[in-house]
There are 2 protein chains.
Amino acid sequence: MKEVRLLAKKAKMSDVAKLAGVGTMTVSRVLNGSAPVNEATKTRVYQAIKKLNYQPNPIARSLRQAKSNSIGIIVPNFYDPFFSTCAHAISLVAKQHQYSVSVSTSDEDANIEFTEANLMVLNHVEGLAVIPAAIGKSCFDRPEFHSTHIVTLDRPIRGHRFNSVLVENQQGAIEAVKHLIDHGHKRICCLGLSDKLYTIRARHEGYKKAMLQFNLTPDQYFGAVTEEATRILIQKAMSGRKKPTAFFVSNNFVMRHALHAFSKLNIRIPDDVALIGFDDLEMADIFVPAITVVRQPSHELGRVAAELLFARLEHKEVSLSGQQIVMPVDLVIRQSCGCNRRDIAKPRAIHKNSASFS
Amino acid sequence: MKEVRLLAKKAKMSDVAKLAGVGTMTVSRVLNGSAPVNEATKTRVYQAIKKLNYQPNPIARSLRQAKSNSIGIIVPNFYDPFFSTCAHAISLVAKQHQYSVSVSTSDEDANIEFTEANLMVLNHVEGLAVIPAAIGKSCFDRPEFHSTHIVTLDRPIRGHRFNSVLVENQQGAIEAVKHLIDHGHKRICCLGLSDKLYTIRARHEGYKKAMLQFNLTPDQYFGAVTEEATRILIQKAMSGRKKPTAFFVSNNFVMRHALHAFSKLNIRIPDDVALIGFDDLEMADIFVPAITVVRQPSHELGRVAAELLFARLEHKEVSLSGQQIVMPVDLVIRQSCGCNRRDIAKPRAIHKNSASFS
DNA sequence: TTGAAAGCGCTAACAT
DNA sequence: ATGTTAGCGCTTTCAA
């Protein structure tokens with residue numbers, strides 16, 4: 001009953017060298033193209049590699065070269081489709097460059113972010129693409145990261161060393177609010193997660209700017225962190241003497257809470273209040289009513305950030321540091337803002353009732 | 001203008017040893033607790049570590065020990081919230097065990113899966129938690145993985161070496177279909193992604209079993225890979241002489257397509273057809289109508305799989321291999337199946353109309 | 001309880 | 001064009 005395991009031990013470079021009748025350096029050079037090698041020898045080496053099924057040990061290589069052909073990605077979490085889309089886009093670019101990736105989440109906590117980033121650096125990642133954590137302060141200034149290329153996306157961090165790829169948060173918010181104003185709304189309420197978050201703050205600034213430009217009074221709330229908190233905020237807003245007739249919701253997380261809350265509170269959209277969100281939702285278009293949103297180019301954001309990172313890795317153009325690339329957003333007009341009132345459901349409902357009477 | 005960078009070189013173990021006036025082995029032993037060390041020396045070592053801000057180099061450690069205190073996670077993608085939830089749950093358990101994680105995606109391609117898993121093994125991960133790719137054959141039997149502990153989740157793979165954590169796919173489908181039958185439906189159509197996918201196949205088998213048990217004719221379609229394909233499948237189903245009065249949609253990906261398609265085709269739910277899906281959707285409860293689904297314990301699935309993996313890593317209990325753990329699912333009854341017809345929107349619509357008449 | 005030497009698998013630097 | 005030597009930073013092994 002004894003299980004015999006003929007576990008052929010993993011071949012190493014010296015095995016290949018022996019079999020090919022060369023020194024290890026020749027094998028190394030064949031593998032890395034780091035110096036010219038005679039065609040005939042090269043062939044022998046490749047044959048030996050194949051025969052032994054040799055795979056270079058990336059750890060030994062990392063240790064010796066103090067680099068690893070890999071980059072690290074840190075995002076707040078995988079839940080938010082915006083983050084996972086960014087992470088995916090970055091991974092794709094990395095694969096194109098033959099780099100491997102190491103993905104981690106910060107849970108929006110700068111301490112965890114530091115721990116994870118540090119671990120990656122200890123593991124010799126050559127660069128880091130980060131969506132900085134919202135809570136606490138990202139500390140990529142620390143000496144641990146002095147020799148690591150870092151690009152942030154979605155949110156910037158202080159420091160002239162870092163490039164950032166952002167979206168037009170403020171402009172997008174302005175467009176959304178203006179659209180609501182065009183619909184005739186004067187009391188527009190703005191609902192947000194936390195005023196500590198860069199993106200949220202920028203969007204709320206856009207909101208305020210647009211309101212003030214039209215001599216309207218801004219009316220904004222932060223702290224919509226849970227569905228309940230959001231519901232309470234909405235109730236508070238709706239119980240004032242001057243009830244809002246429209247809501248601008250500054251990210252998709254809060255939007256999900258808000259939709260739940262509106263549903264529970266029996267507030268109809270867009271009949272009772274009009275609604276526009278920032279960041280698209282997967283099913284926004286088949287929701288009833290379809291949700292009007294400011295769409296961010298999440299995939300592009302990841303792609304551009306990754307390309308920037310590789311540009312820096314390859315050309316060592318650290319000179320361009322501190323730059324910010326800002327990507328455009330666009331308003332996707334659907335129904336929750338009051339446009340396109342086809343109201344499919346209503347006529348049908350009436351039809352159904354009359355049918356049941358017949 | 002020259003920027004002086006006083007980049008204090010990273011301290012290594014010998015630096016610590018020198019400062020503490022001991023040999024490197026003592027430092028190593030203090031750090032790893034691999035042998036008793038005099039309390040006083042220990043203190044001196046800790047002081048030196050702190051003073052030099054020493055961090056052990058995990059790469060050197062990996063090279064020497066041929067292990068890395070890390071596990072690998074491979075999921076098909078990050079998009080599907082089911083997968084990202086699993087990945088997150090696994091990461092949590094790993095952190096509790098002080099292990100670091102390496103996450104990667106297979107894009108449902110067994111070749112990519114192999115490449116990524118192989119890379120992880122070369123990087124000395126001690127174990128692998130995998131949702132096996134749907135396309136192609138996962139090849140964890142290969143000698144490369146002979147000394148790696150592997151646990152799969154959501155989908156099993158052949159081989160007595162591997163434990164799997166699965167959900168009650170078939171039973172869940174049976175319950176869903178029976179529920180539709182309880183509503184009086186006789187022509188229930190089943191819509192799925194691919195018959196190559198373990199989970200889908202199991203659910204479709206459940207569907208078939210339930211149908212046959214009640215002497216109903218199964219009517220199932222695969223290939224709902226895009227929204228358009230799904231729409232065409234639905235149209236095909238609905239154009240037959242015996243139009244289905246209900247749909248069972250076997251995963252959340254197809255459900256999203258189906259909802260889009262039903263909306264485009266002006267098919268009302270649950271008036272024209274009733275609908276139940278497998279796997280919950282983020283906004284299923286506020287959708288109009290709210291979607292009835294078979295809910296899977298995705299977080300638990302990840303947690304249990306990870307715990308199984310660590311049990312094997314720690315106790316080396318390879319003896320229990322080949323086991324499958326099956327987790328229960330539950331039917332979350334909302335409205336799309338025909339239950340709970342509160343029809344919030346309708347009375348209001350009537351109210352609104354009558355109001356406008358008054 | 002502690003230290004010295006050897007070596008994990010690879011490549012940089014210097015030979016030839 | 002190729003081989004030799006040394007060493008990346010750590011831990012295993014052996015000796016004290």
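Analyst: One convention is needed at the outset: an angle of 65 to 115 degrees between two axes counts as roughly perpendicular. Please also bear in mind that this is a predicted model.

User: Start with the helices, then. At what angle do the axes of α1(B) and α2(B) cross?
Analyst: Helix α1 (residues 13-20) of chain B and helix α2 (residues 24-32) of chain B cross at roughly 105°, and their axes come within 8 Å. That angle falls in the range of 65 to 115 degrees, and α1(B) and α2(B) are therefore roughly perpendicular to each other.

User: Which residues meet there?
Analyst: From α1(B), M13(B), S14(B), V16(B) and A17(B) meet T24(B), V27(B), S28(B) and L31(B) of α2(B). Sorted by class, this contact has 5 nonpolar residues, 3 polar ones and no charged ones.

User: Switching to chain A. Which strands form the open sheet, and in what order?
Analyst: The order is β2-β1-β3-β4-β5-β11 in chain A, 6 strands with parallel pairing. Its edge strands, each pairing on one side only, are β2 (100-105) and β11 (324-327) of chain A. From one strand to the next, the twist averages 15°.

User: And how many bridges join β5(A) to β11(A)?
Analyst: Strand β5 (residues 163-167) of chain A is joined to β11(A) by 4 bridges. Within this pair, L166(A) has V326(A) as its bridge partner.

User: What does helix α5 of chain A touch on that sheet?
Analyst: Helix α5 (residues 81-96) of chain A packs on the sheet and touches β1 (70-75), β2, β3 (127-130) and β4 (149-153) of chain A. The direction of α5 makes about 175° with that of β1(A).

User: What about β8(A): which way do its residues point, and are they buried or exposed?
Analyst: In strand β8 (residues 246-249) of chain A, A246(A) and F248(A) point one way, whereas F247(A) and V249(A) point the other way; all are buried.

User: Which strands does β8(A) pair with?
Analyst: Strand β6 (residues 188-191) of chain A runs parallel to β8(A) and is joined to it by 4 bridges, with I188(A) partnered by A246(A). Strand β9 (residues 274-278) of chain A also pairs with β8(A) in the parallel sense over 4 bridges; there, A246(A) has A274(A) as its partner.

User: Last topic: which residues touch the most other members of the largest nonpolar core?
Analyst: That core has 100 residues, and I71(A), L153(A), F248(A), I71(B), L153(B), I188(B) and F248(B) touch the most other members. Another core, of 64 residues, lies apart from it and includes L197(A), I234(A), A224(B) and F287(B).

Definitions and conventions
Residues numbered from 1 in each chain as written. Chains lettered and ligands numbered in written order. Predicted model: local features only at pLDDT ≥ 70, side-chain atom pairs only at ≥ 80, totals over all residues. Heavy atoms only, no water. Core = buried A, V, L, I, M, F, W, Y, C linked by side-chain atoms within 4.5 Å. Buried < 20%, exposed > 50% of the residue type's maximum accessible area, 1.4 Å probe, protein only. Axes fitted to C-alpha atoms, helices over the stretch in contact; angles between N-to-C directions. Helix = DSSP H or I, 4+ residues; strand = E, 2+ residues; numbered from the N terminus. Parallel < 35°, antiparallel > 145°, perpendicular 65-115°, else oblique. Contact = heavy atoms within 4.5 Å. Nonpolar A, V, L, I, M, F, W, Y, C, P; charged D, E, K, R; others polar. Pairing = 2+ DSSP bridges.
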